[in-house]
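Student: Could you walk me through this model and show me how to read its features?
Tutor: Gladly; have a look at it first.

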Amino acid sequence: TWTVSGSGTDVWGSTDAFNFASRTWTGDGQIVAQIDSIQNTSAWARAGVMFRDSTAAGAMYAAVMITPSNGLTFQWRSSTNGGTSMAHVTGLTAPVWVKLIRLDNTFTGYYSSDGNTWTEIGTTQTIAMAGGALTGLAVGSVNNSALNTSTFTNVQIGQVGAFGTIASWELAGTASNATSAPVDTAADGFTVSDLTLGSGFVANHQGFSRSEERRVGKEGRSRW
């Protein structure tokens with residue numbers, strides 16, 4: 001289980017403020033996660049998976065995110081410091097599976113109730129991100145006076161259609177409040193970044209610790 005806490009005003013508009021547990025992924029790839037829970041710090045609080053051009057507040061990105069009471073969004077910013085657009089699915093709450101696929105500069109979002117049968121959200125979007133973009137877990141409270149704590153399981157990052165084979169990760173760990181700067185979890189390359197916007201941003205960095213990392217080789221056996 002990954003437990004990620006984040007403050008911030010929103011993941012919306014032309015700039016964002018939220019917490020991002022991320023690693024660099026080069027080229028085509030996908031991230032899948034089951035969002036088990038999201039704290040209700042705001043009706044539009046968000047937790048989900050993301051590809052992002054950088055940790056700059058106005059960076060291009062694509063994300064699939066659940067809210068406590070406003071359903072699920074596939075949302076994106078297709079130009080640096082540009083506006084945000086979204087496709088919206090109402091009536092969904094956590095727990096829910098989400099998936100985001102990158103093929104070249106196209107991004108497609110999906111959701112599922114069981115992790116097997118997937119429904120596309122809206123349509124594929126073209127976003128000219130760098131080849132080595134960031135991908136990971138994003139959480140924002142949409143309430144600068146509070147931290148939102150959300151939980152994820154079955155987190156996987158890998159090549160499209162290649163889970164359980166080469167370049168596929170299944171990750172488990174925890175994140176907790178800390179006063180230190182964002183930390184790297186070690187060899188897996190995950191980091192945590194606070195994207196700040198304006199005054200009033202909760203100045204908590206999330207110390208990210210790893211309880212388990214498992215890489216699954218092409219033989220299908222676990223390597224610890």
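**Loops, backbone and core**

Tutor: Let's start with Val 142, which sits in the loop between β12 (132-140) and β13 (148-158). Strands here are DSSP runs of E, at least two residues long, numbered from the N terminus. The model is predicted, with local features needing pLDDT of at least 70, side-chain atom pairs counting only at pLDDT 80 or more, and totals for chains, interfaces and linings using all residues. Residues are numbered from 1 along each chain as its sequence is written, and side-chain values use heavy atoms, leaving out hydrogens and water.

Student: What is the phi of Val 142?
Tutor: Its phi is positive, about 50°, although Val 142 is not a glycine. Asn 154, also not a glycine, has a positive phi near 55°, and Asn 154 lies in strand β13.

Student: Is Asn 154 buried, exposed or partly exposed?
Tutor: Buried means under 20% relative accessible area, exposed over 50%, and partly exposed in between, using a 1.4 Å probe and protein chains only. At 32%, Asn 154 is partly exposed.

Student: Which residues touch the most other members of the largest nonpolar core?
Tutor: A nonpolar core is a set of buried Ala, Val, Leu, Ile, Met, Phe, Trp, Tyr and Cys residues joined through side-chain atoms within 4.5 Å. In the largest one, of 35 residues, they are Leu 137 and Phe 152. Strand β4 (residues 29-38) gives this core its largest share, four residues.

Student: Where is the cis peptide bond?
Tutor: It joins Ala 94 and Pro 95, with omega about 5°. Pro 95 is in the loop between β8 (85-89) and β9 (96-103).
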